[in-house]
Amino acid sequence: MDVSKHAEMRMKQRNGLNKKSCERIAKKALEKGIRHNQTKGRLNKWVTSLYFNNQKANNIRLYGDKAYIFCDEVLVTVLQIPNDLRKDMKSMIKA
């Protein structure tokens, strides 16, 4: 599990986390995060757009209120999930 400098900077900026915490959260997101194929509706459309905007991203996970974009096992960046999708995120996720 590697965290890029850019992802580390974004985690610090958006989550207020230090380097050790960044690695721990990235590992949790990779293991327990919601995968693209588990989403539906507007959430699926948004995650698909993330993929097309970040072509090297082959692994996008949703964990908490953030989207973690990985390239293989390397965390590339972290984005905030929009409020309107977060509100009804539980109902959009396939069981």
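Where is Leu-50 found? In this predicted model, Leu-50 sits in helix α3, which covers residues 41-53. With a relative accessible area of 6%, Leu-50 is buried. Leu-50 and Leu-79 are 29 residues apart in sequence, and their C-alpha atoms lie 9.5 Å apart in space. Buried residues account for 35% of the 95 residues in the protein chain.

As for the overall layout, the protein chain has five helices and four strands. Going along the sequence, these run in the order β-α-α-α-β-β-β-α-α. The radius of gyration of the protein chain is 13 Å, which agrees with the value near 12 Å that a compact globule of 95 residues would have. Along the principal axes, the C-alpha atoms fill a box of roughly 35 × 25 × 20 Å.

Turning to charge pairs, the count of salt bridges comes to three. One of them joins Arg-42 and Asp-84, with 3.3 Å between the closest N and O atoms. This pair links distant parts of the chain, as Arg-42 belongs to helix α3 and Asp-84 to helix α4 (residues 83-87), 42 residues apart. Both ends are partly exposed: Arg-42 has a relative accessible area of 42%, and Asp-84 has 41%.

The other salt bridges involve Asp-65. Lys-66 pairs with Asp-65, their closest N and O atoms being 3.2 Å apart. Arg-86 also meets Asp-65 in a salt bridge, at 3.7 Å from N to O. Arg-86 lies in helix α4, while Asp-65 is in the loop between β2 (59-63) and β3, so this pair ties together parts that are 21 residues apart in sequence. Put together, Asp-65, Lys-66 and Arg-86 are linked in a network of salt bridges. Lys-66 is buried, with a relative accessible area of 6%, whereas Asp-65 is partly exposed at 29%. Arg-86 counts as partly exposed too, at 30% relative accessibility.

The surface also carries charged patches. A positive one is made up of Lys-20, Arg-24, Lys-28 and Lys-32. Of these, Lys-32 is part of helix α2, residues 19-32. Lys-32 counts as exposed because its relative accessible area of 58% is over the 50% cut-off. A negative patch is formed by Asp-2, Glu-23, Asp-72 and Glu-73. Among them, Asp-72 falls in the loop between β3 (66-71) and β4 (74-80).

Technical notes
Residues numbered from 1 in each chain as written. Predicted model: local features only at pLDDT ≥ 70, side-chain atom pairs only at ≥ 80, totals over all residues. Heavy atoms only, no water. Patch = residues over 30% accessible without salt bridge, like charges linked within 9 Å, V, L, I, M, F, W, Y side chains within 5 Å. Areas by Shrake-Rupley, 256 points an atom, 1.4 Å probe, with all protein chains shown as cover. Salt bridge = Lys/Arg side-chain N within 4 Å of Asp/Glu carboxyl O. Lys, Arg positive; Asp, Glu negative; His and termini not counted. Charge placed at Lys NZ, Arg CZ, Asp CG, Glu CD. Helix = DSSP H or I, 4+ residues; strand = E, 2+ residues; numbered from the N terminus. Buried < 20%, exposed > 50% of the residue type's maximum accessible area, 1.4 Å probe, protein only. Rg over C-alpha atoms; globule rule 2.2 N^0.38 Å.
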